[in-house]
Amino acid sequence: MYKYNLDFLDESVINQIIMNADKKSNDVDFVREILKKAEKAEGISDEVAAVLLSIKDESLLEEMYTVSKKIKEKIYGKRIVMFAPLYISNYCVNNCRYCGYKHCNDELYRKKL
């Protein structure tokens, strides 16, 4: 298990999770065990999510799609639910390359609600 600093995303931790996930995603029994636990819809860890996102085997992908559909219907029923982000501040401690809210953007006027 990894220790997280909740103020910053640690790129080295993320890269380690991805590298480990690539190896584990080829283990069919391990992935099926994850899917069985995921079907309970009690949440998954970053490590488990990375394994699921790394699956390349077509039959395992189909199993994952089936489980994800069951989870979606368990939580939301037979309706389509869309989410829009609601920002209550434009303060950020991260420096994501793509984001205008990034910490190093000194040109941005910051405001909290």
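Read along the sequence, the protein runs α-α-α-α, with 4 helices and 0 strands in total; helices (H or I, at least four residues) and strands (E, at least two) are DSSP runs numbered from the N terminus. This is a predicted model, in which local features need pLDDT of at least 70, side-chain atom pairs count only at pLDDT 80 or more, and totals for chains, interfaces and linings use all residues. Residues are numbered from 1 along each chain as its sequence is written, and side-chain values use heavy atoms, with hydrogens and water left out.

Start with the whole chain. The C-alpha atoms fill a box of roughly 50 × 35 × 25 Å along the principal axes. Of the 113 residues, 19% count as buried (under 20% relative accessible area; exposed is over 50%, partly exposed in between; 1.4 Å probe, protein chains only).

Next, select residues 58–76, helix α4, which has 19 residues. From first C-alpha to last, α4 reaches 26 Å, close to the 27 Å expected at 1.5 Å a residue (1.5 Å times one less than the number of residues).

Within α4, colour Leu60, Leu61, Met64, Val67 and Ile71, which are buried. They cover an arc of only 125° around the axis, which puts them on the same side of α4; the arc is that of the directions from the helix axis to the C-beta atoms.

Turn to the face of α4 directed away from its buried side, where Glu58 and Lys69 are exposed.
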